[in-house]
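Here is my note on this model, in numbered points. Please keep the structure open as you read.

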Amino acid sequence: MPKVVFSVDQSKPMRDQQVPGHNRWHPDIPVAAMVRPGEVFRVECREWTDSQIHNSDSANDVRDVDLSLAHMLSGPIGVEGAEPGDLLVVDILDLGPVPQETGEAPGQGWGYTGIFAKANGGGFLTDYFPDAYKAIWDFNGIYATSRHLPGIRYAGITHPGLFGTAPSAELLADWNRREQALIDTDPDRVPALGLPPLAENTLAGQATGEVATRIAREGARTVPARENGGNHDIKNFTRGARVFYPVHVKDAKLSGGDLHFSQGDGEITFCGAIEMGGFIDFHVDLIKGGMEKYGVSTNPVFMPGNVEPRYSEFISFIGISVDHDTNTNYYLDATVAYRRACLNAVEYLKRWGYTGEQAYLLLGSAPIEGRISGVVDIPNACCSLYLPTEIFDFDVRPNKEGPVKQKRGQCAVSS
């Protein structure tokens with residue numbers, strides 16, 4: 001087993017770990033451990049909400065989750081010799097749930113998918129599903145099954161939702177300025193247009209005193225992806241993937257977490273993956289001056305892993321940039337088009353007995369493929385959603401006899 005450079009006791013909150021992680025991006029968060037280029041090492045991770053979600057049949061925990069705690073990140077891991085302008089080469093060697101453990105924390109033999117309430121983060125279809133719901137998934141090797149979504153079993157593409165390097169002070173200031181400007185265009189919007197720095201529940205690693213106070217005041221929330229990487233939620237960041245991260249500060253300061261047992265493209269419920277804690281094994285290296293050499297100035301570049309389920313048959317749903325509820329046309333809007341593809345898939349699955357909420361949870365967590373199919377044919381963008389038919393224990397394809405609608409239970413709901 002590789003050397004563990006960041007360890008986690010899953011029975012304790014991140015704040016109470018021997019070496020605590022952090023939940024904000026800031027250049028002054030102290031390095032938790034140092035590694036050398038060429039080294040292989042293991043990082044252990046808490047589930048992203050710090051285990052606020054429970055293995056239960058109520059979604060009240062999802063409804064009431066405190067997002068000021070998120071995301072709980074392991075690190076920062078410093079890399080010897082890394083300097084601003086370099087590229088940090090990160091290979092994902094292995095990852096998974098908490099090894100050989102069962103227990104109350106997500107990742108100890110189980111995980112969950114949540115639909116967040118519109119008033120607390122929302123999701124891609126939040127105007128159609130404004131309340132909180134949840135599905136619990138049991139892990140059986142590479143497969144996941146859920147008592148809340150019967151008739152479904154699939155192999156996941158396990159991956160980290162979030163990893164990145166620390167921003168420089170200048171880059172952090174740019175983030176805060178531009179995101180506040182966006183928020184100011186509609187400051188009362190629900191869900192909010194962005195999440196500005198928030199001192200409440202800030203965890204700044206091993207920082208103390210005035211440094212910790214400054215991190216709490218300035219630190220960027222971890223919800224969106226940015227120039228340093230961050231919350232990409234790309235399901236192909238899996239075993240065998242290689243990521244080239246821009247380095248903005250001395251030692252690079254690599255941090256991350258938010259491990260997913262499985263996820264569909266887009267993670268559409270916001271908490272749409274099968275969320276868990278666990279471990280991830282890395283190999284790191286440096287390309288000196290790599291940002292200038294390869295023109296990687298704003299976002300990471302990655303090479304996807306070649307480990308994924310061998311699904312060969314799909315039923316695909318198409319969406320165009322038309323809001324059919326209001327009969328409004330949008331100009332080449334891929335977001336509207338993908339939303340309509342998702343809604344078309346939900347409506348189809350309801351014909352087989354699933355509730356809309358169950359279908360929504362499935363599309364967020366199963367290894368669906370979302371594709372931008374056309375963004376040149378004015379005025380309608382076209383997006384498509386590929387749903388593997390082999391994940392169902394019945395034939396979900398259209399046929400002349402029509403769908404066989406059966407009672408398929410219910411997901412966990414909030415009171």
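1. Helix 5 and helix 6 cross in a right-handed way. Keep in mind that this is a predicted model.

2. Look at the geometry of this pair. Helix 5 covers residues 334–350 and helix 6 covers residues 356–365. They pack at about 125 degrees, and their axes lie 9 Å apart. That angle makes helix 5 oblique to helix 6.

3. Which residues of helix 5 and helix 6 make the contact? Helix 5 supplies Cys 342, Ala 345, Val 346, Leu 349 and Lys 350. Helix 6 supplies Gly 356, Ala 359, Tyr 360, Leu 362 and Leu 363.

4. Now turn to Asp 86. Find Asp 86 in the loop between strand 4 (74–79) and strand 5 (87–97). Is Asp 86 buried or exposed? Its relative accessible area is 3%. The cut-off for buried is under 20%, so Asp 86 counts as buried.

5. What does Asp 86 touch, leaving out residues up to four places away in sequence? The list has Gly 81, Tyr 245, Pro 246, Val 247, Ile 287, Lys 288, Gly 289, Gly 290 and Met 291.

6. Two of these neighbours deserve a second look. The side chains of Asp 86 and Lys 288 are joined by a polar contact of 2.7 Å. The Asp 86 side chain also reaches the backbone nitrogen of Gly 289, at 2.9 Å.

7. One distance to check on screen: Asp 86 and Gly 111 are 25 residues apart in sequence. In space, they are 36 Å apart, C-alpha to C-alpha.

Definitions and conventions. Residues numbered from 1 in each chain as written. Predicted model: local features only at pLDDT ≥ 70, side-chain atom pairs only at ≥ 80, totals over all residues. Heavy atoms only, no water. Axes fitted to C-alpha atoms, helices over the stretch in contact; angles between N-to-C directions. Helix = DSSP H or I, 4+ residues; strand = E, 2+ residues; numbered from the N terminus. Parallel < 35°, antiparallel > 145°, perpendicular 65-115°, else oblique. Left-handed = near helix turned anticlockwise from the far one by under 90°. Contact = heavy atoms within 4.5 Å. Buried < 20%, exposed > 50% of the residue type's maximum accessible area, 1.4 Å probe, protein only. Polar contact = N/O pair within 3.5 Å; in protein donor to acceptor, adjacent residues only side chain to side chain.
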